[in-house]
Structure formats: C-alpha cells, structure tokens
Amino acid sequence: MTALYLTLLIPMCSSILLGIFGNRSWAAKFNLLATVAAFASSVWLALNVLNHGSLGGYTGQFRVDSFNVYLIALTAFVGATTAFFSLPYMAQEEANGRLSPGRMRLYHASYQGFLFTMQLAMSTNNLGVLWVAMEGATLATVLLVSLYRTPEAVEAAWKYFIVCGVGIALALFGTVLLYFAAAQVIPDPENALLWTVLSAHASSLQPAVMAIAFVFLLVGYGTKVGLVPMHTWLPDAHSEGPTPMSAVLSGLLLNVALYAIIRVKIITDAALASGTLHSPHMAGNLMMGFGIVSFTVAGLFLHRQRDIKRLFSYSSIEHMGLMTFAFGLGGPLATFGGLLHMTVHSLTKSAIFITVGHATHIAKTQSIDNIRGLIKTQPAVGWGLAIGTVAIAGFPPFGVFTSEFLLLSATMKSYPWLTVPLLTGLAVAFAGLFRHLHPMVYGDVPEGQQKVEANMFPVVVQLLLVLWLGIAIPGFLSHWFDQATFLITGSHLL
Amino acid sequence: MMDWLLSLLELVVFVLLAPLFSAWVKRVKCWLQNRRSPSLLQPYRDLRRLFSKQVIMAEIASPVFRVTPYIIAGATLMAAAVVPFISVNLPTAAIADVIVLAGFFALARFFQALAGMDIGTAFGGMGSSREMTISALAEPAMLMAVFTLSMVASSTNLSIVIEHLMAQGLVLRPSLFFALLSLLLVGIAETGRIPVDNPATHLELTMIHEAMILEYSGRHLALIEWAVQLKLMIYAVLIANIFFPWGIATTDSMSAIAVGAGTLLVKLVLLGGVLAAGETLFAKMRLFRVSTFLVLALTLALIGLLSHIILEVG
Amino acid sequence: MLEQLPLYQQLILTLAAMVLFTSFALLAQSRVIPMIRIFAWQGLIVAATTALVAYDSGKYDLYFSAILALLLKAMFVPWLLQRLVIRLGIDHDEHGAEHPVTVLMAGAALVIFCYYVAQPIEQFSSSITRNTIAISMSVVLLGVLMLVSRSKAVAEVVGFMSLENGLFFAAVAATHGMPMVVELGVAFDVLIAAVIFGVFFFHIRDSIQSLDVDQLNHLSEREE
C-alpha cells in the first residue's frame, strides 16, 4: 500500500511545493526528480501487484488491479521521460523570452498537479472520485494551454475549458444516474459508488437506468478521449499549449479517459446482460460506432493540416478511435489488442511530440510548410520524426503494428465487413501522415537553419520499447495484459 | 328555472360591475403615482355620454363596420356568461367550456381587426396588423395554460375545474403556478394593458387597440369600450376564481351566494391593485419586444404543462 | 399522486419546477446583472430544496450540502461574477442570444426530450422525488443550450454554472445526495473552475479587447 500512497503523494506534494518555489532555477530539476521518484514507486507498486494480486486500500477507496497498474506505471514513465525532455526545452522557451519565471512556476505546478489527478483517477475505486479527478485534470491543464497568452492560445484554452467542462458535466450526470441505480440495490449508500461493490451487484442494477447512465458517461468521458464529434478542443489544445503538455495530454490524459469508459462499460455490460430492454451489447455497439467514426474522420482530417502539432493530434484522435472501437468490439483478442495499443500509442505519441518540439525549435515555426530538411540540419531529430511516424502509422516491426494486427484479426472474426473501413482508414491515415512527413524530413534546408540543443534520449528509449513490444512482448507484460483482459471480458486470451 | 334566473342576475351584475373594476384599477394607479384620481363612477358617465351622442361614420363604411360593435359586445357578453362568477353551478357555465370562451374572444378580435381595416385609414390597418400579430402568439399561450388546467382537473369545463380544485384542498401544484403566471401575461396582452399596450394614450407609434377604434363614435364606441372593460373583468374573474377558488358559492343558498360575492369582491380589489402596481412598475415595451414577452408566456404555459406531466402524474 | 404527498414534498416538487423556470429565465435574459441575479436565485432554490430533502429523508449530512450550496452557488459565485463584470465594465453590454425566441422554443423541445429519456428510469424508484430526474436533466441540457447560444464569455460562464446547478439538483433530489467525499470533491472543482473562469476573463480581454468569444475563431478547420 505504501507504494500506492507514494505514487500519489509525490506528485501532489511536488505540485504544492512547485506552486511556491516553481520559479527558482532548480525547479525544473526538482520536477524531473519528482517524476522519477514517482516512477520508481509506481514500479514498486507494479511489482507488488504482480506478486500479490490486486490491492485495495483505505477502506476500499483505492484499488489497484492488473488493469490499472500497468497504466499507472505507464503514466509515471511517460511523465518522467517528458519531464526529462521538458528540462532543456522549457529552459530554451524561457531564454527565448516566451515565458516569464511566474509562468514557469505555473507550468511546473500544473505539470505535477496533472500527473497527480491522473494517478488518482486511475487508482481510485470510487467512480465519484474518478470524476472529480478527471475534472481536476482539466482544471490543472487549462492554464497550461493558455501559457503563452497569445490570442490563439487563449482561444484554445477557452474552448478546451468549455467543451471539456460540458463533457465532464454530462459524465457527472451519468455518475449520478449510476448512483441512483446503485442506491436501489446496495444497502450502504456510502459504498454505492465503489467500483468493486458495483461490479459485485452489477447484474441486479436496473438495465433501463444503466443504459442511460452509460450514454451520458460515454459522451462525457468521450469528450476527453477526443471522440468525434466532441473532439474540437483536442487539436487546438495540443497545438497551442507547450509541447511537453501536448505529449502528456496525448500520451496520458486520453488513456485515462478511455480507462474510465472501460470501467463503466464492464458494469454496464453485466447489468444489461440479463435485460431484454436493450441489446446486451449496447455499450459495446455505441463504443464501436463512436470509435469508427472518430477513426475515419480524423484520418481524413490528417490530409488538410498545416500545423505539425495539429497533424499529430488528429493522429491521436484516430488512434483513440481505434482503441475505443477495440474495447467496444469486446472479446479477449480485441481487448488484448486494445490494451497493447494503449501502451504503444502512449509511448510512440509522446516520443513524436518530443521530437516535434525540437523540430519546431529548429524551424522556429509550427507550420508544416516551413519545416524543411530536418534530416540534414539535425539528423537525430529528422530520424526521430521519421521513425516515430513510421511506428505510429502501424508499420512492422513496431508495436503499433502488432496491436492493429490483433484488432484486425478480431474484427475479421466477429464483423468481417468492418475490416474494409478499418483497412481503408489505416491507408488514408498513412497517406495523410506521409504526404506531410516527407518534405519535412527530406526537403531542402532553408537558409540559416541551425541545430538546437536536443534531448533525444527519451525518444530513443520510448521508440526502442515500442520496437521491443512489436518484436516480442515480454512474458510478465503479456501475463499482465492477459489478467487485464480477464478482468474486462471475463475470459483469458493466453 | 331558478338557476337560469340566478345566472341571468349574475350576468347583469357582472356587466354592470365591469366599468367599476376599470375605474378601480385606474384609481389605485393614480394613488401609486401620486395623482388625483377621477371618481369611480367616471366610466359610467363616459358611457352614458357616448350612448347619447350621434354616430358619425365614414361614407365608405361597409356593413361590417356597422355590425362590428354589436358583435364584439355580444361575443364578450356571451364570454362573460360562460365564466363562473359568484357561484359555480351556473347553467350557462355548464353548457360551454373554456375553449368556447377562447372562441368568443377570437370572434370579437376577428371582427375588430376587420373593422379596423374597413375604412382604409393607415392607423386602422396598422392597429389590425399589430393586434393579429399579438394574438397569434397570445392565443396559443392562453390555450396552453388552459390545457394545463384541464389536465389537472380532467375537464375543460370551468365549473368542474373549479369544483375539482376546491375539493382537493391546499395542494401545491407547480403546474398551476406556471399556468397562473402565463395567464397573467396573456391577460395583460389581451386586454391591452401596460407593458404591451397603453389604454390611456393615442400615441400613433405604439397604440394597438386604440388604433383600430379611432373611426368609431357614439354608441358604437360606447359598446366597444364597454366590451373592453368587460374583457378585463373576465380575465380578472377567471384568474381569481380558478387559482384562488376559496369562497365561491357551491350551492344556491342565499348565505353561500353572499359569502361568494363578498370574497369575490375582495379578490377583485386585490387583483386590481396588483395590476395597477404592475402597470406602475413597468414601462411600456417596444412593439418588437412584445413577441418575446408573449413567447415567455407561452414558455411558462408549456413549463406548466410539462411539469404537470413530469412531476404530478405517476 | 401529488395530492397524497405531505406538503413539504409537494414543496420540493414545486421548487423543482421553479429551478426549471429559472433556467428558462436565464435563457431569455439578455442583460448581465439580472442574469447573475437569476443565477443566484437558482442557487438559492437549489439550496432550499437540499435542506427540504434533508428534512424529508432524515439524512442530516445533506444539511451540510445545503449550506455548501448556499455559500457557493447562491453567494460566492454570483458575487465573484458580479464583481468581475463591474470591474471589466461590461455591465451594460448586450449579452443576449441572437434569436431568443428560437432558443426558448428549443429549450421547450429539450425538456420534452428529457422527459422522454427519463421516463423509463422513473418507474424503477420508490423515491418520492424520482420525477425530478427529468427536471434536472433538463436544467443540465438547458445550461448547455445557453452555452452554445451565447457569444459573451460571462453569459457562457453563467450557463456553465447553471448546468452545474442542475447536476447538484439531480444528485440531491433524485438520489438524496452523493457520498460525502464526492460532494466535497465536486464543490471544490466548482470553486476552482469559478476562479479560473475569472482569470480567463482577463486573459480573453487582454487578447481580443472584448469578451465576445465569437471573435475567438482563429483555430478551426476552415480553409483560409
């Protein structure tokens, strides 16, 4: 249990500390140190869970099982690597005069606060607290989006705040309905929102109420996942905020929101299984619908992007759509693929955003038309971007290929006709990414383009991990995924 | 037979009291605005003077123009007969329901608008067009409020509605609360009071009702004026008796009728005071805002209806 | 049936209808100070309902929620908004929707929709206040409608906060309050959100010299 408390307390306390001292010169190093410490404790937590099975704590208010523990570790890991990248990157932003020390304090405090809310969202057993933490994540990041105070940044932040605020409010309404359904069958109302209690009583929950609650929760949390048509905030927030934040938003926040939907889906499925009122697969069907629409629309939008960060944020929407589709499809194979995809997408996408951050520093612009010849100016950044994009587009031997392959096989098995739009979508997205990538990496170098001080270590580590996951998934990890698959679908894959 | 006599008697009292009610509203308004008020009998004197005057008509006036005052007065009189006044079980109220009441008003308004256009003056046509614009929004709102009532009481007959509400005692019904608000707004619009129309001025830019009757004189004008006062009284009695039915006579005994008359008088005095206070507090709104005002009435009626369906049934 | 309920339960239902009415009033109101006043009234009604539900159900921790709602929704947030509006000097601007009549009609349609959606829920509860689910869902969606129909930042915030009122109302009236830890968390989030909104007003005004968020339209997928 200590490991869990540490994982939560470290970011919380650092957030407070950095809120006070965040403008000092050592703040960025402290930020990094805190994330590394949080990562270490999350590894400890993961080892605990691996050896002893799921953990609960504080009268059942916390619960770490095989599903969320790997997400907790992943969040801590990407948090640490991004902090590693942000150290020189933000220093350069400050040196360029885009940020004042006061803003740096805000940035550091928000960064840690954001990590804290996400870890809280994942480790809590209480669906109400999960909501509070999700809203907290919005509040922690909204001022980060407007960090540069340009009209575009303020606009993006306002949109982010309003759209996500409304979305998350609908999710709260869904939570209230969930509680309403639970209060009818669970004797102690104080425990009626605990996920473990809910899933134990799931089959006696009223299907009619649960169906409506799930729709609200799906739309609400789906807004944060970035599902079309509630995705409008996502490209704006990613493109206008500081790059480290884009990395953690894409790599982590979207995952956490999807995690929330899956948790609710497990309960809804159990509640609807007996009902005749709705199809027992209603939750899954809805998720598949939203997923495939997001996947297709985002793939098409990739083609018309002019801003490199918007480009990759649409790619995030596309992949989140794919994952939502996978979890909606259900069944052990698709779920396993979805879990794997969550992991590899997080790693790859945050690596890409880190590279993109360097690329924008080299070209001094985010406009795709003006980023040219990266591979000649600074080979490390150019190669990083090229390999990252190859990985995210789903080429073998990277992990994204493996997970997409699993997903396609599962689709082929249950809905053969859906493989056609999936394959088409993948091809469209591939074309959309590469038509922009090629000139950026290989084009003619503009005059006076200089190298920048780049920190490619996190990128290398993350892309190597993705490669490793593509070639051979280590035994303990596949065991974990299998446990999580069992938790979600009720049957093992391996 | 006794019933019919009683009914006729109440109708006569109703018609005779209507100018007095208008005068009372005017008096309270004067008090509130620190002005000297005319005598309470002034409307009667005006009516008597108008009746004794010669009718002057435009040469091109058609028969429609001629018969309109009688139709308006007649329709309004019939409407007054439909509304339970001092006692509930009137035979006249039993044979007609609230939709008929709305129909009488619509008939009167239709002829009013026709007559307004008949002479062909600019003002008359303008007034008619404005009147029809307002009524197009006010009528649905009124009907919606009335439907709320009839859903609560499962009847459109006013007597039965009132008896039903009396029988169940004090029940807080959100639907009735909204229906009351809506009916108040509709009543203000329909009787041409501030803030929709101002009965006291002939300002060409804003007048609605007065614009339509500019060409009338003599006994024609007297009939129309009386009908207007009657209409105000009908709305007042309607609101007082439906939403605050306590005291209304449910039997034909003398004592019950005396109590009914007394309470009704108190209710009307209070309601007139409220109307005067409202007219003092609010300024007349621009004509273009009137649609928003009436849509608010419609929305209120709709909320009333919905809250009955959502909150009160089941 | 309504007439068989005790008087204070009838009062709860009446207050529910009043909350719905204030939502419509917010939709129709175009001047900002009266808008904030109506919002404060809505908060007050919600707090009063909470106290009544606490009395009705005998759950005394709901009194605490009622006080929280009173302080936060009826006093602090309106006070903050009003102060900001006066400091920003925008208290005489037009804050209305472009087509108020259409918006009101759309609002009425939304209420009917909510009733339709909530109907299957209501038959599964023995709670006396189950009917309020449709009402609170309407208040939530009317808040969303207000958000999308207004172009001024302050009006959008009022819409957002009234949406939050609907959520609170749902939690109180339909389920007799959420677990305490959740309620505290939600209240905390609302508080922070209100403060951040305040910060944003200044950011927006600094960046576009106005609080008309329709002018925030640089980021979109339109071709330039």
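1. Chain C has 224 residues, for which a compact globule would have a radius of gyration near 17 Å, and the 18 Å found for chain C agrees with that; the radius of gyration is taken over C-alpha atoms, and the globule rule is 2.2 Å times the number of residues to the power 0.38. This is a predicted model, in which local features need pLDDT of at least 70 and side-chain atom pairs count only at pLDDT 80 or more, while totals for chains, interfaces and linings use all residues. Residues are numbered from 1 along each chain as its sequence is written, and chains are lettered from A and ligands numbered from 1 in the order in which they are written.

2. Taken along the principal axes, the C-alpha atoms of chain C fill a box of roughly 60 × 35 × 30 Å. Chain C has seven helices and zero strands, these being DSSP runs numbered from the N terminus (helices H or I, at least four residues; strands E, at least two). Of the 224 residues in chain C, 54% are buried, where a residue is buried if 20 or more other C-beta atoms, placed from the backbone, lie within 10 Å of its own, exposed if 12 or fewer, and partly exposed in between. Among contacts in chain C between residues at least 6 apart in sequence, 73% join residues at least 24 apart; two residues are in contact if their C-beta atoms, placed from the backbone, lie within 7 Å.

3. Helix α1 of chain C (residues 7–28) has 22 residues and reaches 31 Å from its first C-alpha to its last, close to the 32 Å expected at 1.5 Å a residue, the expected span being 1.5 Å times one less than the number of residues. α1(C) is mostly covered, since 18 of its 22 residues are buried.

4. Helices α2 (residues 32–57) and α3 (residues 61–88) of chain C pack at an angle of about 175 degrees, with their axes 7 Å apart. That angle makes α2(C) roughly antiparallel to α3(C), because angles over 145 degrees count as roughly antiparallel, under 35 as roughly parallel, 65 to 115 as roughly perpendicular and the rest as oblique. Axes here are lines fitted to C-alpha atoms, for helices over the stretch in contact, and angles run from 0 to 180 degrees between N-to-C directions. By class, the contact of α2(C) with α3(C) has 20 nonpolar, four polar and one charged residues, with Ala, Val, Leu, Ile, Met, Phe, Trp, Tyr, Cys and Pro counted as nonpolar, Asp, Glu, Lys and Arg as charged, and the others, Gly among them, as polar.

5. Chain B has twelve helices and zero strands, and 49% of its 314 residues count as buried. For 314 residues a compact globule would have a radius of gyration near 20 Å, and the 19 Å of chain B agrees.

6. Between chains, the most contacts among the two pairs that touch are those of chains A and C, where 38 residues of chain C are in contact with 36 residues of chain A. On that side of chain C, α7(C) gives the most, with 13 residues, and the residues of the side divide into 28 nonpolar, six polar and four charged.

7. For the other pair, 21 residues of chain B are in contact with 24 residues of chain C. α12(B) gives the most to this side of chain B, with 13 residues. Chain A and chain B do not touch, and their nearest C-alpha atoms are 17 Å apart.
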